[in-house]
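Here is a protein model to read alongside its sequence. Take a look at both before you start on the report.

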Amino acid sequence: MKELEDAFGQALYDCLQGLGVCEVIIERDDGYIDLDIGMAKYFAESKDWEPYYREAMKYAKGRILDIGCGAGRHSLYLQDMGFEVVGIDISPKAIETCKIRGLIDGKVVSIGKISAELGQFDTILMLGNNFGLFGSYKGSKTLLKRFHTITNNHARIIAETNDVYKTTNPFHLEYQEFNRRRNRMPGQLRIRARYKKYATTWFNYLMVSKPEIEDIINGTGWKINHFIDSDSSCYIAIIEK
């Protein structure tokens, strides 16, 4: 990732330095724009997390891979609990932020570059809607099969996503129809993040309903154990071998 593409990581780093609000704009390929949840949330202590995050942490075990670790809120919590955690992110500034905050093992690695070189894991963490990083239906199945090879017996994936069908926003409903016309999953977004003069490249980001995630998991060597619901359209899937 080039320096000027690291919009999200730069915003996290600036927030760590106390440089104002540091708001990131998310731009969709139909022209729709929205603000990210706010950088401060990525630094939140566990006591300030939504209850379903605290519930999900109870399922972490063994050696943990935190995919898209951001500012390290989940990695650092689990590290403090005594777990061995490897935090990865495509953003160099995000990993720099994590290390400043005390993460022992942080690496600049994209989800598509995950391999056996990282070692074997007992838990893969994909919170903060990071199931979306799979990008597409096919990409999800491919990477889940790869994750099967880098995890130990009885491993689990703790993954958060968003049920895009639980909306009344006419622009989101229109986008779902737009996706159907181009043979994409309704919740397959094409987005980029912008911050000050920084802008990521366009990338796919997948949000799915519970029936869709069950379909995706089928045939990958994994199975859904159960779901943890939130007060919103977001939910967490506990996925096991």
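The report below goes through the sheet, the helices, the aromatic rings and the backbone.

## Ground rules

This is a predicted model, so local features need pLDDT of at least 70, side-chain atom pairs count only at pLDDT 80 or more, and totals for chains, interfaces and linings use all residues. Residues are numbered from 1 along each chain as its sequence is written, and side-chain values use heavy atoms, with hydrogens and water left out.

Helices (H or I, at least four residues) and strands (E, at least two) are DSSP runs, numbered from the N terminus.

## The sheet

Seven strands build an open sheet. Their order is β5-β4-β3-β6-β7-β12-β11, and the pairing is mixed. Two strands pair if DSSP finds at least two bridges between them. In general, strands of a sheet pair through backbone hydrogen bonds, either parallel or antiparallel.

The edges are β5 (106-108) and β11 (223-229), each of which pairs on one side only. From one strand to the next, the twist averages 20 degrees.

Now take some pairs in turn. Strand β3 (residues 64-67) and strand β6 (residues 121-126) run parallel, joined by three bridges. Leucine 65 has isoleucine 124 of β6 as its bridge partner. Strands β7 and β12 run antiparallel, with seven bridges between them. Here arginine 156 is partnered by glutamate 240 of β12.

## Strand β12

Strand β12 also pairs with β11: six bridges join them, and they run antiparallel. Isoleucine 228 has isoleucine 236 of β12 as its bridge partner. β11 and β12 form a hairpin, with four residues between them.

Is β12 enclosed or open? Seven of the seven residues of strand β12 (residues 234-240) are buried, so the strand is largely enclosed by the rest of the structure. Buried means under 20% relative accessible area, exposed means over 50%, and partly exposed lies in between (1.4 Å probe, protein chains only).

In a regular strand the side chains alternate between the two faces of the sheet. Look for this in β12. Cys234, Ile236, Ile238 and Glu240 point one way, while Tyr235, Ala237 and Ile239 point the other way.

## The helices

Helix α1 (residues 7-16) and helix α4 (residues 92-100) have axes that come within 7 Å and cross at roughly 30 degrees. Axes are lines fitted to C-alpha atoms, for helices over the stretch in contact, and angles run from 0 to 180 degrees between N-to-C directions. The crossing makes α1 roughly parallel to α4. Angles under 35 degrees count as roughly parallel, over 145 as roughly antiparallel, 65 to 115 as roughly perpendicular and the rest as oblique.

Which residues make the contact? On α1 they are Gly9, Gln10, Leu12, Tyr13 and Leu16; on α4 they are Lys93, Ala94, Glu96, Thr97 and Ile100. Contact means heavy atoms within 4.5 Å. By class, the α1 contact with α4 has five nonpolar, three polar and two charged residues. Ala, Val, Leu, Ile, Met, Phe, Trp, Tyr, Cys and Pro count as nonpolar, Asp, Glu, Lys and Arg as charged, and the others, Gly among them, as polar.

Helices also lie across the strands. α4 lies across β4 (85-89) and β5, at about 170 degrees to β5. Helix α5 (residues 137-149) lies across β3, β6 and β7 (151-162), at about 145 degrees to β7.

## Aromatic rings

How many aromatic pairs does a search of the whole structure find? It finds ten. Rings of Phe, Tyr and Trp (its six-membered ring) pair if their centres lie within 6.5 Å; planes under 30 degrees apart count as stacked, over 60 as edge-to-face and the rest as tilted.

Phenylalanine 134 and phenylalanine 147 form a tilted pair, 5.8 Å centre to centre with 40 degrees between the planes. Phenylalanine 134 lies in the loop between β6 and α5 and phenylalanine 147 in helix α5, so the pair ties together parts that are 13 residues apart in sequence. Phenylalanine 134 is buried at 5% relative accessible area, and phenylalanine 147 is buried at 0%. Ring pairs link Phe131, Phe134 and Phe147 into a cluster.

## Positive phi

Most residues other than glycine have a negative phi. Asparagine 129 has a positive phi of about 65 degrees although it is not a glycine. Asparagine 129 sits in the loop between β6 and α5 and is buried, at 16% relative accessible area.

Histidine 154 is not a glycine either, yet has a positive phi of about 70 degrees. Histidine 154 lies in strand β7 and is exposed, at 64% relative accessible area.
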